[in-house]
There are 2 protein chains.
Amino acid sequence: MLALAGWPMGFEFSFLADPRESTRCISGLGNTVTFANGMSAEEIYKALGQPDVITIEREAVDVPLLKELKAFCPVYPDPDIAWTIQNRHREKSLVHELGLATSPWSRIQGEESLPDAIEAIGGLPVVIKSTEDGYDGHNQWVLDTPDQIAAFESDRKLILKGESKHKHSLLEWIVEKKISFEREISVIGARNVDGDITSYIPGENVHQNGILHTTIVPAPKLSETIRAKAENYISTLLEQTGYAGVLAVECFVVGDDLLINELAPRVHNSGHWTMDGADTSQFENHVRAIANLPLGSTQQYGVAGMHNLLGKTLSDDTTPPTALVKPKQFLHWYGKTSRPGRKIGHVNVLASSQEELAEKLESVRKQWFDA
Amino acid sequence: MLALAGWPMGFEFSFLADPRESTRCISGLGNTVTFANGMSAEEIYKALGQPDVITIEREAVDVPLLKELKAFCPVYPDPDIAWTIQNRHREKSLVHELGLATSPWSRIQGEESLPDAIEAIGGLPVVIKSTEDGYDGHNQWVLDTPDQIAAFESDRKLILKGESKHKHSLLEWIVEKKISFEREISVIGARNVDGDITSYIPGENVHQNGILHTTIVPAPKLSETIRAKAENYISTLLEQTGYAGVLAVECFVVGDDLLINELAPRVHNSGHWTMDGADTSQFENHVRAIANLPLGSTQQYGVAGMHNLLGKTLSDDTTPPTALVKPKQFLHWYGKTSRPGRKIGHVNVLASSQEELAEKLESVRKQWFDA
């Protein structure tokens, strides 16, 4: 989607892929280099065609490699910020240092005491998350009652002994105060190399089983206080970290409090609505930002929504579900093979009221899951 | 631009190119088949990968070949309508038969009398156009005064003897009453295979040296009468010809009269603004139409404009002019080699008033021509 957004401006793209990664979805959009063990940064840079700039579009990136690549061309966003965000403890520490609100948390490493950590943040309920390797709700434990502590502890024993099926590259967790939030909103912003900043109006996210299900924009009935806080959060983060590119911030709304839950140093699923619902898409703005061009208008009209299409079965059939194409409904199909729960596309919807939008999103859901 | 618009929906593309045609601008977007003399329709169909549908994106197409291809898959729009529009006499006859307004005209073939033809439409001034091979103002003669008749007649002698440098595959011309029009507007519409019809709000075109320079949307201060006529023209043409795809109609505004000047059976330069200024671009709507999907919303917000980037010199340098990228300004660069007057890109501009738009388009012009 980045390449499709940058192509009209005359930019050329090349891609670095993992050895076992399918590159079907980018096939034809540019030269693809498959990373091989032992390849030096210089070899990669040359194989990519000596690009003017390198960027990232996921969080699990090889930070040391990216740092080496900086000797050859700029890497945006900086590998340091990607490194910070890769670890929930470092991520929350950054938010805290910048004076922005987040839920109270403490960290436990190895066999450190969980009860102490829980007490340090005022007791149950808490959510425990591995500091790394968490994605779409993996490696998380919700502890509402004391007996649920035991469940985590027995999991922890297995993990420490290396007997857990869950991937844990680091043996540490954050223990986070569980927030009874009213809703989650996302704010997507961009900063170009020169420091110009822009952001989109916040959207409201609905998750199912830890996976983003829908985003609606503008987040309905958002108070001016919350909206101002969201704008302050994104601009502070972009400015204070000297960021270049698109950054996404997921926050919990609790009354007039806005607590940062997660950062994503990249174009983000909750910003996919911008492809059809804003003057400039987050993808074009990311390309503009890292190419140090003026950022595009983020203006949005009416109401917009995004519905993820999650794989239902294991299948190699990549036929697009064109029945989802409607007058104010736009299909984005990634051409990926399907497996249950995998994001294989999304649908953007435009409407003139929140009620109309809700109906349309529900009909997308029905059509997708009943098909 | 068609392929970039269809890609997100999961469609795959292949291209048929002329032997000496540069395919740089589509490089990577799909398999390109270069037409070789003697290739049969079946061979072409197979080389293209047995597509579900074939479409066209220019007017100078090989109609007999397209008709043969219909034996293998649908061709939209139908080769018959492309054939009709390829010849100005057939084109104007179609418009006339459908009861739509056009400027009075007569046809002369070979050595037929020009004075008779001029008299048949009420005398000077007239515009003479070759019935075929006319593009961007080529092969046209404006006759305001009787002495200009002689100039055409001496050109005609050379053409009939085969000594003219201008291409004339047919030795016939239409003699058209010259219209003192106030302005030219374009109306772009689409019809899908099932017969659903939609159209964009008309835009106003400014030409320079016969080449489209800018389009602004909505055409300022268009009367309700003219707007209703424009909508009637496009829907009549789409419906009565059983058209599938995007059709563009260029019209002259003369008071409350709207005279059809030209049809284009394809996505059109005067609809390029839709890429950034409407809910759905003309390119996506063309793909939707020929794939028989519901057409996309043509809604447009504020005012929008398009400024063509014409080549200034002969050059192989395809570096994009990224200085033209601005917050409400979008660069579309085709990656073509430059030659004077060649369309090598365009810039779309969004604004909140016609005054602001005019200023922005003027600054694009200045920036492009002064660079």
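Contact here means heavy atoms within 4.5 Å. By that rule, 35 residues of chain B are in contact with 35 residues of chain A. The model is predicted, so to speak of local features requires pLDDT of at least 70, side-chain atom pairs count only at pLDDT 80 or more, and totals for chains, interfaces and linings use all residues. Residues are numbered from 1 along each chain as its sequence is written, chains are lettered from A and ligands numbered from 1 in the order in which they are written, and side-chain values use heavy atoms, with hydrogens and water left out.

Start with the symmetry. Two copies of a chain are related by a rotation about an axis and a shift along it. The same surface serves both copies: 100% of the contact residues of chain B recur in chain A.

Now the interface. Its size can be given as buried area, the accessible area (1.4 Å probe) that two parts lose on being put together, summed over both. Between chain B and chain A this area is about 2900 Å². Carbon and sulfur atoms give 59% of it.

A salt bridge is a side-chain nitrogen of Lys or Arg within 4 Å of a carboxyl oxygen of Asp or Glu. Four salt bridges are counted between chain B and chain A. One of them joins Lys328(B) to Asp279(A), at 3.4 Å from N to O. Polar contacts pair N or O atoms within 3.5 Å; within protein, one must be able to donate a hydrogen and the other to accept it, and residues adjacent in sequence count only if both atoms are side-chain atoms. Between chain B and chain A, 14 residue pairs are in polar contact, both residues at pLDDT 80 or more.

Which elements supply this surface? Helices (H or I, at least four residues) and strands (E, at least two) are DSSP runs, numbered from the N terminus. On the side of chain B that touches chain A, α10 (282-290) and β14 (329-333) of chain B give two or more residues. β14(B) gives the most, with five residues. By class, that side has 18 nonpolar, 10 polar and seven charged residues. Ala, Val, Leu, Ile, Met, Phe, Trp, Tyr, Cys and Pro count as nonpolar, Asp, Glu, Lys and Arg as charged, and the others, Gly among them, as polar.

Next, a site within chain B. Asn261(B) sits in strand β12 (residues 257-264) of chain B. Buried means under 20% relative accessible area, exposed over 50%, and partly exposed in between (1.4 Å probe, protein chains only). Asn261(B) is buried, at 10%. Its side chain makes a polar contact with the side chain of Lys129(B) at 3.4 Å. Residues up to four places away in sequence aside, Asn261(B) touches Lys129(B), Glu176(B), Glu184(B), Glu250(B), Cys251(B) and Phe252(B).

Turn to the salt bridges of chain A. Over all chains the count comes to 42. Glu176(A) and Lys92(A) pair at 2.7 Å, N to O. Glu176(A) lies in strand β8 (residues 172-177) of chain A and Lys92(A) in helix α5 (residues 88-97) of chain A, so the pair ties together parts that are 84 residues apart in sequence. Both Glu176(A) and Lys92(A) are buried.

Lys178(A) forms a salt bridge with Asp144(A), the closest N and O atoms being 2.8 Å apart. Lys178(A) is in the loop between β8 and β9 (183-191) of chain A, and Asp144(A) is in the loop between β7 (140-143) and α7 (147-160) of chain A, so this pair ties together parts 34 residues apart in sequence. Lys178(A) is partly exposed at 31%, and Asp144(A) is partly exposed at 36%.

Last, Thr84(A). It lies in helix α4 (residues 79-86) of chain A and is buried, at 16% relative accessibility. Neighbours within four places in sequence aside, Thr84(A) is in contact with Arg90(A), Glu91(A) and Leu94(A).
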